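Colleague: Could you walk me through this model? I'd like to begin with the overall contacts and then go into the details.

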Amino acid sequence: KNNVLNNLKLNLNSLNKKEIIKNGVKISKISEHVGDILVVIFSPDSLDIVKGAPGKRRAFIDMICCQLSKSYLIMHQEYMKCLKLKNAMLKKDIVDKEYIYVLHEKMSNYILNIVNFRKNTISKLLEKAKVIEQELTNKKVLILGFGREGKSTYKFIKENGVKCDLAIADRNDIDKNDLDDNVIVYTGEDYMNDILKYDIVIKSPGISFKGIDYSKFESRITSQTELFLKYARNKVVGITGTKGKSTTSSLIYQMLKEKYNTRFVGNIGKPVFEEIDGYDKTDIFVYELSSHQLEHIKYSPHIAVLLNMFEEHLDHYNSYEEYKEAKRNIFKYQGENDIYVFNGGAKKLLNKEYSLRQRQLPVCKEDNGCKEETIYNEKTICIKMNNNEETIKIPQNTNILGKHNIFNLAVAATVAK
């Protein structure tokens, strides 16, 4: 913990949040959510205090931990009560050896838990910074497209103090007053001309390469989706399809959040970089993915859902086959421990000739004569999984009834199961 200040990225330029003062240390409070890991922004007058004696450093770390966890706050309060009681007894020469021994036992347990929580908290804070450094630090980085996702990428890089040579390219004009002075900007019809100057190109979903030979720089292309899947794919349920992905994603999110800490990101949710601060390893991400977000990625989510594919969005692609290949990226890079949920009535269209090694859970309508893991009709959904069979009755007063929505509901129930 004595080295925490050497590793945390100190950002002194964003002090527009509500500031709090506690234990003589002023910081900006980023999140109100108990259990979040905060990105701490220091004010300049805090640094001398924090760099001071070990006791003040411990007080500072305790302050952060108390904000993160109610259980830590309670442990800390109980420890301080025991310490005050012990000191009061010793001051008054009250020597009850048996009771002091009990106090020592309690304090030892509290200290052990407190120290472990401190270590885990600091390691989580440093883990995210390390991941960002490995990927972007000391690189020439181009943000390609400056819509909502591009702007959140810029904000993410800036707020995490990533040291890189940064540029932004977009066909439309960009307000340079909102950017740091050292950021290079490319706009107009030729905004892609300098891509080869950059090591990493973080592409926004709306940017199309239709009619462009991108083979020379394809290896440099990445995105928020790919960067997040690279480091957190095991906690992601990814959903795509030409039709029904928003409904199915919403259903899965509503089901999972009843039991798990669940976040909804992607196509109709927030860009994933807006949710990465405070990310905990117990969180599950329901990620609605368009074909635009899936193209060029080399990582697939732990649970992939492919609903259907129709001949649409061809204004973005050179062919229908190129569109389908973008969609298939959702399962293409899965391993044998991953799960692939798909429309059992459209196997050949969805899966092509790929040799699938992941666990496959097809969802099929009863009158198609299939014998898949999940079979549904207008009244029930039957899920066969892990040698168990469960039949779920579909409430007839639900507002999502309809042929396609019952299929979406069956898919969501399979994922939740």
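Colleague: What share of the contacts in the protein chain, between residues at least 6 apart in sequence, join residues at least 24 apart?

Modeller: That share is 61% in the protein chain, where contact means heavy atoms within 4.5 Å. Bear in mind that this is a predicted model, in which local features need pLDDT of at least 70 and side-chain atom pairs count only at pLDDT 80 or more, while totals for chains, interfaces and linings use all residues. Residues are numbered from 1 along each chain as its sequence is written, and side-chain values use heavy atoms, with hydrogens and water left out.

Colleague: And how many helices and strands does the protein chain have?

Modeller: The protein chain has twelve helices and 17 strands, these being DSSP runs numbered from the N terminus, with helices (H or I) of at least four residues and strands (E) of at least two. Of the 417 residues, 48% count as buried, where buried means under 20% relative accessible area, exposed over 50% and partly exposed in between, with a 1.4 Å probe and protein chains only.

Colleague: Let's turn to the sheet. What is the order in the open sheet of five strands?

Modeller: The order is β6-β5-β4-β7-β8, with parallel pairing, and two strands pair if DSSP finds at least two bridges between them. At the edges are β6 and β8 (221-222), each of which pairs on one side only.

Colleague: How many bridges join strand β4 to strand β5?

Modeller: Five bridges join β4 (residues 140-144) to β5 (residues 165-170), and the two strands run parallel; Ile-143 stands opposite Ile-168 in β5. β4 also pairs with β7 in the parallel sense, over four bridges, and there Leu-142 has Val-201 of β7 as its bridge partner. Val-201 in turn has Ile-221 as its bridge partner in β8, where two bridges join the parallel strands β7 and β8.

Colleague: Which residues cover the two sides of β7?

Modeller: Ile-200 and Ile-202 lie on one side of β7 and Val-201 and Lys-203 on the other, and all of these are buried, so both faces are covered.

Colleague: How many aromatic pairs does the structure hold?

Modeller: The structure holds twelve aromatic pairs, counted for rings of Phe, Tyr and Trp (its six-membered ring) whose centres lie within 6.5 Å, with planes under 30 degrees apart taken as stacked, over 60 as edge-to-face and the rest as tilted. One of them is the edge-to-face pair of Tyr-186 and Tyr-198, at 6.3 Å centre to centre and 80 degrees between the planes. Tyr-186 lies in strand β6 (residues 184-187) and Tyr-198 in the loop between β6 and β7 (200-203), twelve residues apart, and both tyrosines are buried. Another is the tilted pair of Tyr-376 and Phe-407, with 6.0 Å between centres and 45 degrees between planes. Here Tyr-376 belongs to strand β15 (residues 374-376) and Phe-407 to helix α12 (residues 403-416), 31 residues apart.

Colleague: Which residues touch the most other members of the largest nonpolar core?

Modeller: Val-141, Tyr-154, Ile-157, Leu-166, Ile-168 and Phe-228 do, out of 39 residues, a nonpolar core being a set of buried Ala, Val, Leu, Ile, Met, Phe, Trp, Tyr and Cys residues joined through side-chain atoms within 4.5 Å. The largest share of this core, four residues, comes from helix α7 (residues 224-232). A second, separate core has 29 residues, including Ile-239 and Leu-307.

Colleague: Changing topic, how many disulfides does a search of the whole structure find?

Modeller: The search finds zero, a disulfide being a pair of cysteine sulfur atoms within 2.5 Å. As for individual cysteines, Cys-164 is buried at 17% relative accessible area, and Cys-382 is buried at 15%.

Colleague: Last one: is Asn-138 buried or exposed?

Modeller: Asn-138 is exposed, with a relative accessible area of 69%, and its phi is near 65 degrees, a positive value in a residue other than glycine. His-296 likewise has a positive phi, of about 75 degrees, but His-296 is buried, at 13%.
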